[in-house]
Amino acid sequence: MCTSGMKHPSQAAMECKMRTRLGFRAMSCGMMSLSMIFGISACTPSERKVMVCDPECSLRPISQVQQELREIFEDDGRLDDLEAVAAQDPRAAHDLALRYFRGDGAPRNNNQAVSWMRVAAEQGDLKAQKALGHLYMTGLEGIGRDPGEAHAWLLLAASRGDIESQQLLAEAEAAKRSNAEEFQWMNRWRPVIAGWWRSGYSYYGTWDGRAWSFRPPANNEE
């Protein structure tokens, strides 16, 4: 609301228009700033992080490290060496699978990840058998759920005395009593298993600048 006070009517009218325009401009700028702030905060997704080991392991945003690590691996030949060893050593096949899944020193490729994890599992690696069982139990990132595959791999791990696999098998069987219970159980485990594949499963191998070396499986990995 503009008031003229004791000024000439034409001068008062001019000042009134100016104040009105400035007021609307300030209001528009304020609203635009708020919309920009809230629009960005509401729409910007949190970037997925992956476990990277070069050689220390840590979680990092995938966009910051993926290309850089690929170039490092390609330059020094460690990816080719890991693939060569993986054909004979299940620990290397397990690590290669995780690197393809995570994009850690290799291009992200879920099909390659599953293929190499299967190589490790078929060669008797307990961690790989459990990882495949977990993966097929809920499905993950375009890899479909396969209850038959999940049961077979977890049963194999459980027969070797793995307590976690025994418990998961029992829970999965109990959850089948109704569709609602199975749906709830699946939703509870899916993010847990995704976390294991993305960052929870540890590598066996380390690169010393010339060759890979692999630690022996721990007591709970045999």
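**Briefing on the predicted model**

The protein exposes about 12,900 Å², of which carbon and sulfur atoms supply 57%. This is a predicted model, and its pLDDT averages 76, with 65% of the residues scoring at least 70. Buried residues account for 38% of the 222 residues.

**Confidence**
- Residues 3–10 have a pLDDT below 50, and this stretch has 4 contacts in the model beyond near neighbours in sequence.
- Over residues 12–44 the pLDDT also stays under 50, and the model has 8 contacts for them beyond four places in sequence.

**Fold**
- The protein contains 9 helices and 4 strands.
- Along the sequence, these elements follow the pattern α-β-β-α-α-α-α-α-α-α-α-β-β.
- Of the contacts between residues at least 6 apart in sequence, 54% join residues at least 24 apart.

**Aromatic rings**
- The structure holds 7 aromatic pairs.
- In one of them, the ring centres of tryptophan 196 and tyrosine 201 are 6.2 Å apart and the planes lie at 40°, so the pair is tilted.
- Tryptophan 196 is partly exposed, with a relative accessible area of 22%, whereas tyrosine 201 is buried, with a relative accessible area of 12%.
- Tryptophan 212 and phenylalanine 214 form a stacked pair, 6.4 Å centre to centre with 20° between the planes; both residues are buried.
- A cluster of Phe101, Trp185, Trp189, Trp196, Trp197 and Tyr201 is linked by ring pairs.

**Charges over rings**
- Arginine 108 lies over the face of phenylalanine 101, 5.6 Å from the ring centre, and phenylalanine 101 belongs to the cluster of ring pairs.
- Lysine 127 places its charged end over the ring of tyrosine 204, at 4.5 Å from the centre.

Terms used
Residues are numbered from 1 along each chain as its sequence is written. This is a predicted model: local features need pLDDT of at least 70, side-chain atom pairs count only at pLDDT 80 or more; totals for chains, interfaces and linings use all residues. Side-chain values use heavy atoms; hydrogens and water are left out. Helices (H or I, at least four residues) and strands (E, at least two) are DSSP runs, numbered from the N terminus. Buried means under 20% relative accessible area, exposed over 50%, partly exposed in between (1.4 Å probe, protein chains only). Contact means heavy atoms within 4.5 Å. Accessible areas come from the Shrake-Rupley method with a 1.4 Å probe; for residues, only the protein chains shown count as cover. pLDDT is the predictor's confidence in each residue, from 0 to 100. Rings of Phe, Tyr and Trp (its six-membered ring) pair if their centres lie within 6.5 Å; planes under 30 degrees apart count as stacked, over 60 as edge-to-face and the rest as tilted. A charge sits over a ring if NZ of Lys or CZ of Arg is within 6 Å of the ring centre and within 35 degrees of the ring normal.
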